[in-house]
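Open your viewer, keep the sequence panel beside it, and follow along one selection at a time. Each stop says what to pick and what you will find there.

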Amino acid sequence: MTGGSIPPGPAPRRIPGKDDLEPLMRCYGYRFTRTGTIKGTEPSGDPADLAAARRAGWPVREPERWSASEIVERAVAAAAALHEDAVLAAFVAGLGSAPRGRQTVISHGWARFLGTAPRDGGGDGVPDCGLRPESEVDVTEKLLRLALGWAWNEIPEHYLPDLEAAVAQGLPRPQEEDRERLRALLDVIRSLPAGTRPGELEKAVARARIVPGTDKYQRYGILIGLAETGVLPCPLLPPMWDRFIPTAERHAASRALRGAPRSDITLPLAGWRGGLDEQRAARLLAA
């Protein structure tokens, strides 16, 4: 992936900046706690809040409807316009200075091989990539959640706003304190014995207080990013950064998991049982 320009299409919206965050958080029912974490609260229905958000370019609770083929076409174009080293660097920045950078390694991993993946013989004619024939996406909410540092790998239609915003705005570059956090995170992973499960890893990361202001699910999002780039190896499923992973293959790997996997931990992270791919970790540190 060498990067380039995205072809003409619907104008992508930007990731909310600091001035936009709190009004949008009120509209969608989030608030900052005294410790800097985020807590759910009752969404604001105040017409003044909704009108202010719209004037700033943020329509609230107004989902857009996209076909699977449109999502694939736009995601392939956006992924091709992003250099993979910039995506990796953004993930490192996501450990502190720019939480929005956490998701893009997952979004880019899903899209980077879509253009050459086998097409489904069904009516939508897209790869077996987890998309429904049509999807409704509240773009404002998804971009707000990215700005607040949540990341996940289960709902691929949510990757498109992330990818297009990354192309339109550019991706954040890590600061030295972000690289220090990554080094500390890798050291925690190395310290854990073989057989450690992902839930135990998340607790160890929480105890080490490596990434301030994060809740459990934000920490899982970071670990999912490490798994989808292959830094956390999974014997059951390759990372999305290596090749296209059909949804059928992902489901088969999930069925092969021993024991009762937690519903809030997804593959490939769910299959990790300790260990670190040092070569991939070094590349991430150098991004």
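Start by selecting serine 107, which counts as buried because its relative accessibility is 0%; buried means under 20% relative accessible area, exposed over 50%, and partly exposed in between, with a 1.4 Å probe and protein chains only. Serine 107 sits in helix H5. Helices (H or I, at least four residues) and strands (E, at least two) are DSSP runs, numbered from the N terminus. Now show what surrounds this side chain: not counting residues up to four places away in sequence, serine 107 touches Tyr159, Asp162 and Leu163, where contact means heavy atoms within 4.5 Å.

A word on what you are looking at: this is a predicted model, in which local features need pLDDT of at least 70 and side-chain atom pairs count only at pLDDT 80 or more, while totals for chains, interfaces and linings use all residues. Residues are numbered from 1 along each chain as its sequence is written, and side-chain values use heavy atoms, with hydrogens and water left out.

**Next stop: threonine 104**

Stay in helix H5 and select threonine 104. Is it buried or exposed? Threonine 104 is buried, at 0% relative accessibility. Its side chain makes a polar contact of 3.1 Å with the side chain of aspartate 162. A polar contact is a pair of N or O atoms within 3.5 Å; within protein, one must be able to donate a hydrogen and the other to accept it, and residues adjacent in sequence count only if both atoms are side-chain atoms. Setting aside neighbours within four places in sequence, the residues in contact with threonine 104 are Leu82, Val87, Gly109, Asp162, Ala166 and Leu171.

**Zoom out to two helices**

Color H5 (residues 104–111) and H7 (residues 159–169), which pack at an angle of about 105 degrees with their axes 9 Å apart. The axes are lines fitted to C-alpha atoms, for helices over the stretch in contact, and angles run from 0 to 180 degrees between N-to-C directions. H5 is therefore roughly perpendicular to H7; angles of 65 to 115 degrees get that label, while those under 35 count as roughly parallel, those over 145 as roughly antiparallel and the rest as oblique. To see the contact, show Thr104, Ile106, Ser107, His108, Trp110 and Ala111 of H5 with Tyr159, Asp162, Leu163 and Ala166 of H7. By class, this contact has six nonpolar, three polar and one charged residues. Here Ala, Val, Leu, Ile, Met, Phe, Trp, Tyr, Cys and Pro count as nonpolar, Asp, Glu, Lys and Arg as charged, and the others, Gly among them, as polar.

**On to the charged pairs**

Side chains of opposite charge can pair when their charged atoms come close. How many salt bridges does the structure hold? There are 23, each a side-chain nitrogen of Lys or Arg within 4 Å of a carboxyl oxygen of Asp or Glu.

Select arginine 181, which is buried at 18% relative accessibility.

- Glutamate 177 forms a salt bridge with arginine 181 at 4.0 Å, N to O. The two are four residues apart in H8, so about one helical turn separates them. Glutamate 177 is partly exposed, at 42%.
- Aspartate 178 forms a salt bridge with arginine 181 at 3.6 Å, N to O. Aspartate 178 is buried, with a relative accessible area of 0%.

Then pick glutamate 278 and arginine 190, whose side chains meet in a salt bridge at 2.9 Å, N to O. This pair links distant parts of the chain, with glutamate 278 in helix H12 (residues 278–286) and arginine 190 in H8, 88 residues apart. Finally, show Glu84, Asp85, Arg112 and Arg283, which salt bridges with shared partners join into one network.

**Last stop: helix H6**

Select H6 (residues 139–147), which is mostly covered, with seven of its nine residues buried. The buried ones are Val139, Thr140, Lys142, Leu143, Leu144, Leu146 and Ala147. What covers them includes helix H1 (18–28), strand E1 (30–32), strand E3 (64–67), strand E4 (134–137) and H7. Step just past H6 to glycine 149, which takes a positive phi of about 100 degrees.
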